[in-house]
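This report looks at how two chains meet, then at one residue.

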Amino acid sequence: MWRRSSVRCQRNKWGVTVEILTLDCRWRHDGEGRERLVMHLAYLDAGSGSLIVQAVVGGVAGAAVAAKLYWRRLVDRFRRQPTDRG
Amino acid sequence: MTSSDIGIRVDPGSFRDPANRVFHVGDQVLRGLDPQAARDWAALAGSGFFTRLVAEGKVCGTEQVDPAVLPGWAAVLRHERIPFVSHPYEWSFGMLRDAALLHLEILRRALPAGFTTKDGSAYNLQWRGVTPVFIDVGSFTPLADGEPWAGYRQFCQTLLYPLLLQAHLGLDFQPWLRSRVDGIEPDQMRRLFRGARRLLPGVPTHVHLHGAMQQRNAGASSADVRAQLRAAGYSRQLALATVRGIEKLVRRLDRREEPSHWVDYQRTCGYTAQDRAEKERFVEAAVRAAGAPRLVLDLGANDGRYARIAARHAAAVVAVEQDPAVADTLYRALRAEGDQRILPLVMDLADPSPGGGWGGVERAGFSTRARAEVALALAVVHHLAIGRNVPLGQVVDQFLGCLRPGGRLVVEFVHPEDPMARRLLANKPDGLFPEYRRDVFERLLAARCRVERQRELPSGTRTLYQVVVGD
């Protein structure tokens with residue numbers, strides 16, 4: 001059985017934005033009552049996760065790049081919130 | 001006038017990258033390029049690294065030709081013809097590893113020159129004998145600084161993961177690749193490498209971290225992530241370090257030795273020295289009679305004894321062996337000998353490679369590709385007819401189906417009273433194969449082709465036939 005989920009943001013009663021789902025992909029029952037994430041990437045699609053993991057594979061310098069990427073994502077998220085409220 | 005009217009045949013396996021497409025015109029292999037791909041080609045052709053790779057035989061020979069031969073394309077390339085197209089699920093472990101190392105070497109040499117490859121598929125590689133060659137010239141594209149390799153995911157799925165399966169778990173990777181044209185996904189691999197297996201070389205990063213990253217970033221577009229990585233300082237040097245890291249890992253991987261009945265077959269199969277010498281003379285004369293054939297198939301090659309004899313007189317020999325360990329041993333031996341003509345392949349004759357991918361034709365089946373001047377079927381009839389219960393007439397039909405019109409088949413019939421045939425018959429209910437007789441076999445041959453000569457081996461329990469079809 002298939003159903004789609006998508007990125008959705010919602011503000012709770014305290015006014016804090018909550019990311020309901022961060023995945024845009026399909027879920028499928030695995031036959032044991034659990035749902036399993038299934039991704040279908042196109043032939044020439046590098047895959048976002050596959051791009052990031054290469055930084056980590058590149059050693060210490062690469063791990064630093066990956067850490068910087070995640071740090072910027074975190075900072076960006078907090079920076080966006082005042083705009084969301086306003 | 002359509003393309004087929006002027007003898008242009010589209011390669012059914014080349015549609016994935018719309019920027020270029022492969023065509024066959026007679027014996028020529030041509031590639032049409034769109035305007036952007038034509039500009040990339042102009043830059044590539046002028047780069048030193050590409051010229052050196054072609055000169056070293058690591059990339060297939062390529063030249064630009066008059067674009068009028070393929071109407072509708074901005075530029076047209078002509079490629080060197082590969083003797084026999086094979087698929088990664090027909091390669092042994094050592095072959096897949098050497099193919100992976102060549103792909104990585106090409107990328108490592110392209111990056112400093114400002115180029116990368118769009119993809120990282122095992123299907124980018126083919127073989128001249130036991131030498132891998134990179135064939136997807138359309139995959140080269142100028143490198144945008146700060147971008148990781150777009151082909152990494154494909155490289156993992158079609159090259160690295162199959163190698164990890166064999167090296168760490170002792171599982172033959174061929175059935176996995178044969179059933180999935182895009183290879184094995186990280187999610188599948190993660191379930192195979194649980195517990196302490198998570199810590200095996202290459203598994204924590206390329207399998208578990210990769211799978212987790214794919215899931216966590218499934219909602220992010222590749223373009224956004226590329227921009228974020230560039231802003232975070234991802235550099236060409238880092239891309240090179242990544243490639244070197246994967247190369248180091250792939251070099252460490254090796255096949256786990258598993259006992260195989262076929263590894264020792266030549267020693268245990270019971271030939272006398274006279275039988276063997278007679279058989280070698282018969283095979284050599286048959287191949288020589290074909291007059292420098294372009295392609296010889298050795299069906300059931302084992303240690304490659306007769307493939308080597310055929311290679312003395314043929315341009316290319318494909319040695320088909322069902323046991324992956326035996327095929328791998330043959331591959332390594334041929335590499336050590338510096339052989340240039342024999343291509344070992346892993347395939348069960350009772351279950352030959354079917355057509356695969358889109359429409360079942362993207363990856364051509366063995367029967368479509370096998371068009372040889374000579375086929376050798378030595379000591380395999382009894383394995384198929386008794387061991388696998390294939391009707392004797394259908395065994396002969398399959399062998400003859402591998403030949404071009406006028407082609408020759410050298411086939412050995414092992415009599416029911418031969419020790420090897422008796423051993424196989426002993427495992428079956430009595431009287432199950434009343435038709436497995438020499439006279440029946442000869443009648444089947446005579447009904448389908450012309451027997452040029454035949455010879456009973458000195459032991460008196462095996463007969464060789466040289467037959468010719470369709471003339």
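## Contacts across the interface

In this predicted model, 10 residue pairs are in polar contact across the interface of chain A and chain B, both residues at pLDDT 80 or more. A polar contact is a pair of N or O atoms within 3.5 Å; within protein, one must be able to donate a hydrogen and the other to accept it, and residues adjacent in sequence count only if both atoms are side-chain atoms.

## The side of chain A

Strand E5 (35–38), helix H1 (48–57) and helix H2 (60–85) of chain A each give two or more residues to the side that touches chain B. H1(A) gives the most, with 10 residues.

## Extent

Contact (heavy atoms within 4.5 Å) links 33 residues of chain A with 41 residues of chain B. About 3400 Å² is buried between chain A and chain B, and carbon and sulfur atoms give 61% of that area. Buried area is the accessible area (1.4 Å probe) that two parts lose on being put together, summed over both.

## Asp323(B)

Asp323(B) sits in the loop between strand E11 (316–321) and helix H13 (324–337) of chain B. The side chain of Asp323(B) reaches the backbone nitrogen of Ala325(B) at 2.8 Å.

## Basis

Residues are numbered from 1 along each chain as its sequence is written, and chains are lettered from A in the order in which they are written. Local features need pLDDT of at least 70, and side-chain values use heavy atoms, with hydrogens and water left out.

Notes
Helices (H or I, at least four residues) and strands (E, at least two) are DSSP runs, numbered from the N terminus.
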